[in-house]
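Colleague: I am new to this structure and would like to learn how to read it. Please take me through it feature by feature.

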Amino acid sequence: MSEAVTIAQDPVAAIGPGRLVLVVGPSGAGKDTLLRLAQAACIDDHDVVFPRRVVTRESSAAEDNVAVSADEFRRGLDHGDFAVHWEAHGHSYALPLEINDDIRAGRTVVVNVSRTVIGVLRSTYANVVVVAITAPPDVLAERLAARARLSDGNIAQRLARNVDDAAAQADVTIVNAGSAEYHGRHLVRVIRNECWSQ
C-alpha cells in the first residue's frame, strides 16, 4: 500500500480558532456509521460542519463523498480547490478548501481522514482532536465481508493494517463493538467538546 499526503500551504500561522475533529480507523470499524449518526444529532447546530470528501471512487449508501474521476481530481488540484489531499488504496482523497473558512469562523469541522495526514494537519490547524474508531478483529472481518465492496481489496490485508492508538496519535479512542447509537453519542460528545471519557 502506498500513501502520500499533500496539504495546501497557508502563509499564515496555524489555522483557527475553530476545531478540526479527525476521525480515523481501520476499514470496517464503523466510521461512516458513527459519523452519520453524529451528523444527524448535530443537524441543527450550525457551528458543526461535516464536509464531504472528494474521492476518486463512487459514492455508496455507507459513504457520502463527492465522486470524481482522476482527471477531475487533478483539475481540482490545479485550481487549488483542496485544503489537503492524499493517496491511499489506489484512490485520491481530498478535503475541500472551504473547511479553512469554517475553522477561521470558529466552527467545528468533522472529517474522516487517513492517519497519514494527522501530523501535517496538527501542524496546520490550531485545534485538532483525533478520534480513533476501531473494533475487535473478528468484528472488523465480519463487517468487511458483509460490505463486499470491491474497492476494499483483500480483506486479510486490510485487517493487517489495523489502527493502533500510538500510530494514530489518537486523543480519543472509541471501540465500536456494541450499540452504534451509544458510540455515536460518544462521538457527538467529543465533537461538542463536552466529555472525552467513554
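The dialogue below goes from the whole chain to the sheet, the cores and the salt bridges.

Colleague: What should I know about the model before I start?

Modeller: This is a predicted model, in which local features need pLDDT of at least 70, side-chain atom pairs count only at pLDDT 80 or more, and totals for chains, interfaces and linings use all residues. Residues are numbered from 1 along each chain as its sequence is written, and side-chain values use heavy atoms, with hydrogens and water left out.

Colleague: How many helices and strands are there in the chain?

Modeller: Helices (H or I, at least four residues) and strands (E, at least two) are DSSP runs, numbered from the N terminus. Here the chain has eight helices and ten strands.

Colleague: What share of the residues is buried?

Modeller: Buried means under 20% relative accessible area, exposed means over 50%, and partly exposed is in between, with a 1.4 Å probe and protein chains only. Of the 198 residues in the chain, 43% are buried. The accessible area itself comes from the Shrake-Rupley method with a 1.4 Å probe, and for residues only the protein chains shown count as cover. The chain exposes about 9600 Å², with carbon and sulfur atoms supplying 51% of it.

Colleague: In what order do the strands of the open sheet stand?

Modeller: Strands of a sheet pair through backbone hydrogen bonds, either parallel or antiparallel. Two strands count as paired if DSSP finds at least two bridges between them. In this chain, five strands form an open sheet with parallel pairing, in the order β3-β8-β2-β9-β10. The edges are β3 (48–49) and β10, each with a single partner strand, so one side of each has no neighbour in the sheet.

Colleague: How does β10 pair with β9?

Modeller: Strand β9 (residues 128–134) and β10 pair in the parallel sense over four bridges. Thr 173 in β10 is the bridge partner of Ala 132, and Val 175 in β10 stands opposite Thr 134. Val 172 and Ile 174 are on the covered face of β10, while Thr 173 and Val 175 are on the uncovered one.

Colleague: Which strands does helix α1 lie across?

Modeller: Contact means heavy atoms within 4.5 Å. For directions, axes are lines fitted to C-alpha atoms, for helices over the stretch in contact, and angles run from 0 to 180 degrees between N-to-C directions. Helix α1 (residues 31–41) lies across β2 (19–24), β8 (108–112), β9 and β10, at about 155° to β8. Helix α8 (residues 180–191) lies across β2, β3, β8, β9 and β10, running at about 170° to β10.

Colleague: Which residues touch the most other members of the largest nonpolar core?

Modeller: A nonpolar core is a set of buried Ala, Val, Leu, Ile, Met, Phe, Trp, Tyr and Cys residues joined through side-chain atoms within 4.5 Å. The largest one has 24 residues, of which Leu 20, Leu 22, Trp 86, Val 113 and Tyr 125 touch the most other members. At least two residues of this core come from each of β2, β6 (82–88), β7 (91–96), α3 (99–104), β8, α4 and β9. The most come from β6, with four residues. Apart from this core lies another, of 22 residues, among them Val 23, Leu 35, Ala 38 and Val 190.

Colleague: Is Ile 103 buried or exposed?

Modeller: Ile 103, found in helix α3, counts as buried because its relative accessibility is 0%. Not counting residues up to four places away in sequence, Ile 103 touches several residues, including Pro 17, Leu 20 and Tyr 125. Ile 103 and Pro 17 are 86 residues apart in sequence but 6.3 Å apart in space, C-alpha to C-alpha.

Colleague: How many salt bridges does the structure hold?

Modeller: A salt bridge is a side-chain nitrogen of Lys or Arg within 4 Å of a carboxyl oxygen of Asp or Glu. The structure holds three. In one, Asp 71 and Arg 74 have their closest N and O atoms 2.2 Å apart; both residues lie in helix α2 (residues 70–78), three residues apart, about one turn of the helix. Another joins Asp 102 and Arg 107 at 2.9 Å, N to O; Asp 102 is buried at 16% relative accessible area, whereas Arg 107 is partly exposed at 26%.

Colleague: Where do Arg 122 and Asp 171 lie?

Modeller: Arg 122 forms a salt bridge with Asp 171, with 3.1 Å between the closest N and O atoms. Arg 122 lies in helix α4 (residues 118–124) and Asp 171 in the loop between α7 (165–168) and β10 (172–175), so the pair ties together parts 49 residues apart in sequence.
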